Amino acid sequence: MSIKEFKTTAFSDQKPGTSGLRKRVKVFQGEHYTENFVQAILDAMPNGGKGSTLVIGGDGRYWARETVQTIFKIGAAVGVKKFIVGQDSILSTPAASNIIRKYKTDGGILLTASHNPGGPNADFGIKFNTSNGGPAPESVTNKIFEITKTLKSYKMLDAGTLDITKIGSFKYGPVDVEIIDSVKDYVEIMETIFDFPLISKFVSSTPEFTILFDGLHGVTGPYGRAIFVDTLKLSEDVLQNCIPLQDFGGGHPDPNLTYAHDLVAAVEKKQIVFGAASDGDGDRNMIYGAGAFVTPSDSVAVIADWADSIPYFKKGGVHGVARSMPTSKAIDAVGKAHGWEFFEVPTGWKFFGNLMDAGRLSICGEESFGTGSDHVREKDGVWAIVAWLNILAAANQGKSKLVTIKEILLDHYKKYGRNFFSRYDYEEVSSEGANALIDNLDKLFASPNFKGSKYKASSSDASFDVSDVYNFTYTDPIDGSVSKNQGHVITFSDGSRVVFRLSGTGSHGATVRMYIEKYSKNESEYGNSAADGLKPLIEVALEITQLKKFLGRDEPTVIT
Ligand code: G6P
Ligand code: ZN
């Protein structure tokens with residue numbers, strides 16, 4: 001078999017975003033486009049692609065299977081020693097992270113655009129994870145980007161297609177290829193983390209504790225089945241949309257109140273006690289029981305507070321907690337109460353990796369429906385869902401009346417106060433409008449009168465005094481690297497804050513996110529909806545920034 005060289009036209013738009021390169025499938029299908037990026041990854045790998053062992057997996061979306069073959073061809077030409085591939089290209093993102101770590105490989109290539117829609121007219125993505133199992137740090141993604149812009153040619157082994165639907169050991173030219181069960185190793189690690197005997201006893205002896213898991217036709221269907229049906233012996237009825245589809249059934253596989261409407265509707269209709277969903281590639285989660293939506297910011301705080309009920313933490317301890325900057329401060333209070341070290345990092349799971357590797361971070365989360373721990377180096381949707389099951393099983397021990405999600409939340413608020421939180425997304429607005437909004441924020445932040453100014457809400461008497469303004473900069477405590485421009489923050493004298501940032505995960509146009517948070521220690525407010533609790537602050541935030549004018553939008557695309 002010979003190696004052939006192909007001339008490529010260097011591309012200027014292959015800069016990996018928050019989570020790898022995401023573009024329309026049609027763009028990836030362009031001549032040399034996918035090949036150019038794959039070659040750049042293999043050239044930019046910290047110890048080089050030659051002689052390496054790499055994991056390949058993803059959410060099984062359209063264009064993944066073709067890309068696996070492209071990686072085989074280019075990898076063989078570079079001299080990769082071995083590929084470990086999820087059967088039929090399937091590995092959820094946390095499962096891939098686990099495989100990278102468990103088999104001590106040099107990293108992995110994940111074929112996913114996460115929660116973005118899939119199919120021939122939607123999105124595809126390629127992401128590189130390093131040997132710790134986490135998303136590549138900026139030093140590596142910058143190197144990938146530099147190479148994509150200057151590459152003149154790529155090389156491919158002139159070989160055919162390898163059938164990746166059968167588990168087993170194969171050869172692709174000189175390269176060893178192992179096709180593995182997508183789910184097995186993942187279930188094994190979950191069993192070492194959680195108290196499955198306790199959960200099992202609870203769910204089997206409490207028929208009123210009804211469950212519904214929605215895979216949104218993404219990758220977690222088989223993982224949900226393995227845990228709920230095969231391990232916990234629940235009936236098939238607890239699964240919804242659990243057959244992975246290359247286009248996610250035309251849906252938007254993002255577990256939030258807007259896109260997981262099937263779950264929300266079914267939970268409310270049947271008054272299901274425990275509902276949960278995960279995204280396209282299985283790293284996000286939403287916990288939603290009848291009448292009780294758990295915001296991701298609250299979710300991580302509750303999990304941390306209940307860590308002792310989870311064997312992994314009971315045994316190993318909790319070594320630090322963290323959140324991304326825009327995530328509500330609910331977990332800060334939990335960390336403080338337990339005496340744990342606490343970190344605030346920029347948006348992007350990769351920022352947690354160094355802290356975990358240094359043994360200083362055990363539990364963390366982001367408002368963007370990501371929750372996880374140091375068991376892998378990605379956020380983990382199914383992990384978060386089982387964590388909640390474990391907590392509910394523990395909370396119900398010895399109780400004669402069912403303790404629900406709502407009660408767990410109310411108890412939490414009574415202990416720590418409530419951080420009302422919401423996010424407004426303005427998706428696919430013009431880049432000009434988004435940049436003008438940010439430029440205006442810069443001007444406001446620089447004006448001497450802004451700090452200390454007072455703003456009144458339009459629909460009530462509430463008013464807010466601006467106490468501080470800054471553009472968030474993060475210095476990684478482990479390697480000292482500095483990340484600037486991570487979001488514009490306005491804080492108010494009552495402890496409320498509003499944050500603005502541009503999304504780093506969109507595939508075209510710009511997406512502006514506005515995060516609103518208000519803390520309350522007033523017990524009579526704990527039962528309020530976030531929308532009610534935050535209304536005055538939202539009015540003020542929109543007025544200060546003149547957001548509607550700059551973006552030309554009256555309403556956000558999505559509210560979470
Ligand atoms: C991905 C990343 C997360 C991040 C989220 C939102 O899911 O893994 O870490 O929080 O995207 O990013 P964005 O830049 O779109 O707000
Ligand atoms: Zn995802």
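Is Ala276 buried or exposed, and how many C-beta neighbours does it have inside 10 Å?

Reply: Ala276 counts as buried because it has 31 C-beta neighbours inside 10 Å. Here a residue is buried if 20 or more other C-beta atoms lie within 10 Å of its own, exposed if 12 or fewer, and partly exposed in between, with C-beta atoms placed from the backbone. The model is predicted: local features need pLDDT of at least 70 and side-chain atom pairs count only at pLDDT 80 or more, while totals for chains, interfaces and linings use all residues. Residues are numbered from 1 along each chain as its sequence is written, and chains are lettered from A and ligands numbered from 1 in the order in which they are written.

Ala276 belongs to strand 12, which covers residues 274-278. Helices (H or I, at least four residues) and strands (E, at least two) are DSSP runs, numbered from the N terminus. Leaving aside residues up to four places away in sequence, Ala276 touches Phe213, Asn285, Met286, Ile287, Tyr288 and Ile385. Such a contact requires that the C-beta atoms of two residues, placed from the backbone, lie within 7 Å. Ile211 is 65 residues from Ala276 along the chain, yet their C-alpha atoms are separated by 8.2 Å.

Just after helix 8, Lys233 takes a positive phi of about 60°.

Most residues other than glycine have a negative phi. Phe248 has a positive phi near 55°; it lies in the loop between strand 11 (239-240) and helix 9 (261-270). With 29 C-beta neighbours inside 10 Å, Phe248 counts as buried. His32 also shows a positive phi, of about 70°, although it is not a glycine. His32 sits in the loop between helix 1 (25-28) and helix 2 (33-44) and is partly exposed, with 17 other C-beta atoms within 10 Å.

The packing of helices can be described next. The axes of helix 10 (residues 296-305) and helix 12 (residues 330-338) come within 8 Å and cross at roughly 15°. That makes helix 10 roughly parallel to helix 12. Axes are lines fitted to C-alpha atoms, for helices over the stretch in contact, and angles run from 0 to 180 degrees between N-to-C directions. Angles under 35 degrees count as roughly parallel, over 145 as roughly antiparallel, 65 to 115 as roughly perpendicular and the rest as oblique. The crossing of helix 10 and helix 12 is left-handed, a term for a near helix turned anticlockwise from the far one by less than a right angle, right-handed being clockwise. In this contact, Ser297, Asp298, Val300, Ala301, Ala304 and Asp305 of helix 10 meet Ala330, Ile331 and Val334 of helix 12. The residues involved divide into 6 nonpolar, 1 polar and 2 charged. Ala, Val, Leu, Ile, Met, Phe, Trp, Tyr, Cys and Pro count as nonpolar, Asp, Glu, Lys and Arg as charged, and the others, Gly among them, as polar.

Helix 10 also meets helix 15 (residues 405-416), where the axes come within 11 Å and cross at roughly 80°. That makes helix 10 roughly perpendicular to helix 15. Asp298, Ala301, Val302 and Asp305 of helix 10 make this contact with Ile408, Leu409 and His412 of helix 15. By class, the contact has 4 nonpolar, 1 polar and 2 charged residues.

A further pair is helix 2 and helix 5 (residues 138-150), whose axes come within 8 Å and cross at roughly 130°. The two helices are therefore oblique to each other, and the crossing is right-handed. Asn36, Phe37, Ala40, Ile41, Asp43 and Ala44 of helix 2 meet Val140, Lys143, Ile144, Ile147 and Thr148 of helix 5.

Finally, Leu537 in helix 17 (residues 530-545) is buried, with 23 other C-beta atoms within 10 Å. Leu537 touches Phe464, Ser496, Val498, Ile516 and Lys518, not counting residues up to four places away in sequence. Leu537 and Ser463 are 74 residues apart in sequence and 8.2 Å apart in space, C-alpha to C-alpha.
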